[in-house]
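Subject: Structure for your review

Dear colleague,

Please find the structure below, together with its sequence. I would be grateful if you would read the notes after it alongside the coordinates.

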Amino acid sequence: MGGKVTCTLGEVKQKADFIVYWGGNPAECHPRHFTKYTIMRKSKFLPNGRKDRTMVLVDIRETKSAKAADVFLQVRPGKDFELLTILRALIKDQPVDNDRIPETGLTRDVLDDLIRRMKAAKFGCMFFGMGLSMTCGKHMNSAALLTLVAELNAFTKFVAMPMRGHGNVTGADVIMRWQTGYPFGITFNRGYPRYNPGEFSTVDVLVRGDCDAAFIIGADPGGTMPQPAIDHLKRIPTIVLDPHITFTSRLARVHITTAPQGIAAPGTAYRMDELPLPLKPALKSPYPTDEDVVRRINAALDAKPFWLPEDGRPRMLTAQV
Amino acid sequence: MMRITGGRVYDPANGIDGAVKELRIDDHGRFVDAIEGGRTIDATGMIVFPGGVDVHTHVAGGAINFARAMTPEDHRRTQAFIRTKNRRSGLGGMAPTTFATGYLYAGMGWTTVNEAAVPVLSARHTHEELGDIPIVDKSTLALMANNEILLDQLEAGEYERARSVVAWYIWAAKAYGVKAVNPGGVAAWKWGHDAKQLTSPISGYDTLTPGRIITQLARICDDLGLPHPMHLHCNNLGAPGNIATTLDTLRHLEGSRAHIAHSQYHAYGGDGWDSIRSASRQLADYFNAHPGLTTDAGAVLFGDTVTITADGPWQHLLYKLTGRKWGNLDVENETGCGIVPYTYRPSNLVNAVQWATGLELLLLIRDPFQAFLSTDHPNGGCFWRYPEIIKLLMCADFRNECMAKLPEAIRRRIVLPEIDREYTLYEIAASMSAGPARALGLSKKGNLGIGCDADLVIYDADDDAARMFSRPRYVIKGGEIVIEDGEIRETPQGREFLVRPPCDPDIDAFMRPLFEDRYTMSFENYPVEIERIEHADVRPCAPAP
């Protein structure tokens, strides 16, 4: 199973009468989520707002978000995958051994109640955060949740959406996909895009010491990456484009100060549901935009001899090597 | 400047059928009467066609980009384009990357493509992708038939208001026309339902039926004077017995212009998967009796592909049938989208019926200015496989050879064995270029006449049509040689066609409160700025007085 059954946030705002947050703490990490898109919103279909919507929180501890929830399910750490798999079985009325349920930290009654509520919903939405996707099981957990949501569509309308953070990560994903077919973890070292997360992801390339230069825009790996990766960034010529002084800019050979996106530089940002939003700058900046800098670097590179070996005619591979 | 001499010219827009004729191109990339100097291409013994025009394809935007993300296993095995000085790298395959899309279309002699499904909400994304598709000219159609603000107006009987709403959306999307997908059905899918009966009210509405959406939206497109009529993906796609829905839809359209998208998927008889059969004859009869109506085939080719459509409920069914990956993206207020990888197998009776039905429609609809070459890329097969379809149309022996490989039981379900028509080169040129250009209202495309855009393709004559059409000798776009002998020479940036239909000046004040209630972005940020369109070419509308 793969894929993703999702929607834009406006659908949730208009229609979702059943909302699950799994492994996330929106009250503290996405503080506008409740009021802009989910439980607090009134709409044509849910005129009473909060009263018309049910919220379930699944997490390993009782965070501030639990106060907002109608139902709080405290899953035992590391047992998300088991819980999701049990739910997948229960929605289809497949037999589940009662002995397997306590290890998730929940009881049969609680799960039966959840199944009843999910199936009775007119429009359900599961938001999942890093408490699911970055803990034991990682992408297998996300896949289990996405599969559960896909399968729930046999009974009622259900969608899922990751709770993403950090600026315009989604925008980078989207553009890499249309230009190369892949969202991240891409190498061009054979002249065309290849993909292998774990091998070609930035952190892996740096830790192995495979690259001999680094060009960094809109990120601060110096603050988040493991020490061996940071050590390699220090060894090689690292160029950073950033409006601010950051961990990475301090270790870089070159730091070009650029205008901050959305404040003094125009562009497009993609929201977590992949909607493109135009950025309209409110201020002027004395610094160039990231786009200006990259264009000027490109122009300077174009003036140099072409860097790929040319054997007279362009080649087209019919099979990859 | 350039002259092309000695070639046999097929220019159906001007009734030219294989005459040897000299073509002259000026410095503005247009055909002219006379030039002085310039390069001469000696096309003696070669065949000259207007550049191909794809009336219905999915090459840019949220849906195809979702499909790219879902099919890394295909990217890994497919054709790769290596970076060169004048060419970006990329991948071909089921859902090609943007740069590769331009190279593959041009490499086959196609010079204009119409992206047939754009949610207005993410139109900005679509245009950004189109900006990364080189060489070809482009246009887009905005998805309208499940837009809840519009449906509310139609239910309330506010026709004038509805017309202005459509005009407002088209300009907001910087689109060229209107696409209707499963009218009412995608809106119902937001509640997990579908709309299969044209006369039953749709979920969430009291009286509004799919039939009424179809009739009114077609009339709106005509009244706004859009160059391309309503582009309709009918209700009940893919289902056995859906010919009844399709014919009913066509009757709802009487008195209006319309283009019926991928009609292969809408021409089945039978009453279940066990009894599905081709109903192409019934549909073709209707087209033959209604010469103003156009369609594209949505032909199916055997092999792997990925299906993408705004028809969310159908994709849920396909996911349940196949158990393969399923992507779904409902777009607030406007539309939906579903993605499922699929393999068409000759041994599968349903797939075999689909394969035959697409070809039958192209062969049974007599006028090639009515029935156009398409696979509804990537749904029925990838666009770069068009030469295979051309061969199937031009060569009855080859068709019979392919049919012999299908299960014996297929013969009772299709009419293809009874058809001996073979397309002529003239008819191919009409079906792949002049016809779709005319249906799109692009008067300077698909036409080698004086004043038209110098988009043309020159083939070495070859008895094997698939080989001939997959490797043109030259492709010329806007007077510039872009492909020579199968290699990419130049990668100019194409234009994007759009329209600005007339609308009530007070429409902004009407839309704003509705918009703020339904959407999650600000009203000012919603319309795509015209400055963001690379090489925008705003075409005129001819509104009804």
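The notes below take each chain in turn and then turn to selected elements and residues.

Please bear in mind that this is a predicted model.

Chain A

The secondary structure of chain A consists of 14 helices and 14 strands. Its C-alpha trace spans about 70 × 50 × 40 Å along the principal axes. Chain A is divided into domain 1, covering 9–162, and domain 2, covering 169–302. The centres of domain 1 of chain A and domain 2 of chain A, taken over C-alpha atoms, are separated by 34 Å.

Of the 321 residues in chain A, 48% count as buried. Where contacts join residues at least 6 apart in the sequence of chain A, 54% of them link residues at least 24 apart. The accessible surface of chain A is about 16,000 Å², and carbon and sulfur atoms contribute 56% of that area. As for charge, chain A carries 43 positive and 33 negative side chains, and the centres of these two sets lie 5 Å apart.

A:R88 sits in helix α5 of chain A, which runs over residues 80–91. Leaving out residues up to four places away in sequence, A:R88 touches A:A144, A:T147, A:L148 and A:E151. A:L152 is 64 residues from A:R88 in sequence, while their C-alpha atoms are 8.4 Å apart in space.

Chain B

Chain B comprises 17 helices and 27 strands. Its C-alpha atoms fill a box of roughly 65 × 60 × 45 Å along the principal axes. For 545 residues, a compact globule would have a radius of gyration near 24 Å, and the 22 Å found for chain B agrees with this.

Buried residues account for 68% of the 545 residues in chain B. Of the contacts in chain B with a separation of 6 or more, 76% are between residues 24 or more positions apart. The accessible surface of chain B amounts to about 16,900 Å², with 48% belonging to carbon and sulfur atoms. Chain B has 54 positive and 69 negative side chains, and 3 Å separates the centres of the two sets.

Helix α4 of chain B (residues 123–131) is largely enclosed by the rest of the structure, because eight of its nine residues are buried. Those buried residues are B:A123, B:R124, B:H125, B:T126, B:H127, B:E129, B:L130 and B:G131. In helix α9 of chain B (residues 243–252), the buried residues include B:I243, B:T245, B:T246, B:L247, B:T249 and B:L250. Their cover includes α8 (210–224), β13 (231–233), β14 (259–260), β15 (268–269) and α10 (280–289) of chain B.

Finally, B:L23 lies in strand β4 of chain B, residues 23–25. B:L23 has a relative accessible area of 3% and is buried. Apart from residues up to four places away in sequence, B:L23 touches B:M2, B:R3, B:I4, B:F31, B:V48, B:L448 and B:L456. B:G298, which is 275 residues from B:L23 in sequence, lies 33 Å away in space, C-alpha to C-alpha.

With kind regards

Definitions and conventions. Residues numbered from 1 in each chain as written. Chains lettered and ligands numbered in written order. Predicted model: local features only at pLDDT ≥ 70, side-chain atom pairs only at ≥ 80, totals over all residues. Heavy atoms only, no water. Helix = DSSP H or I, 4+ residues; strand = E, 2+ residues; numbered from the N terminus. Rg over C-alpha atoms; globule rule 2.2 N^0.38 Å. Buried < 20%, exposed > 50% of the residue type's maximum accessible area, 1.4 Å probe, protein only. Contact = heavy atoms within 4.5 Å. Areas by Shrake-Rupley, 256 points an atom, 1.4 Å probe, with all protein chains shown as cover. Lys, Arg positive; Asp, Glu negative; His and termini not counted. Charge placed at Lys NZ, Arg CZ, Asp CG, Glu CD. Domains from an automatic or database assignment.
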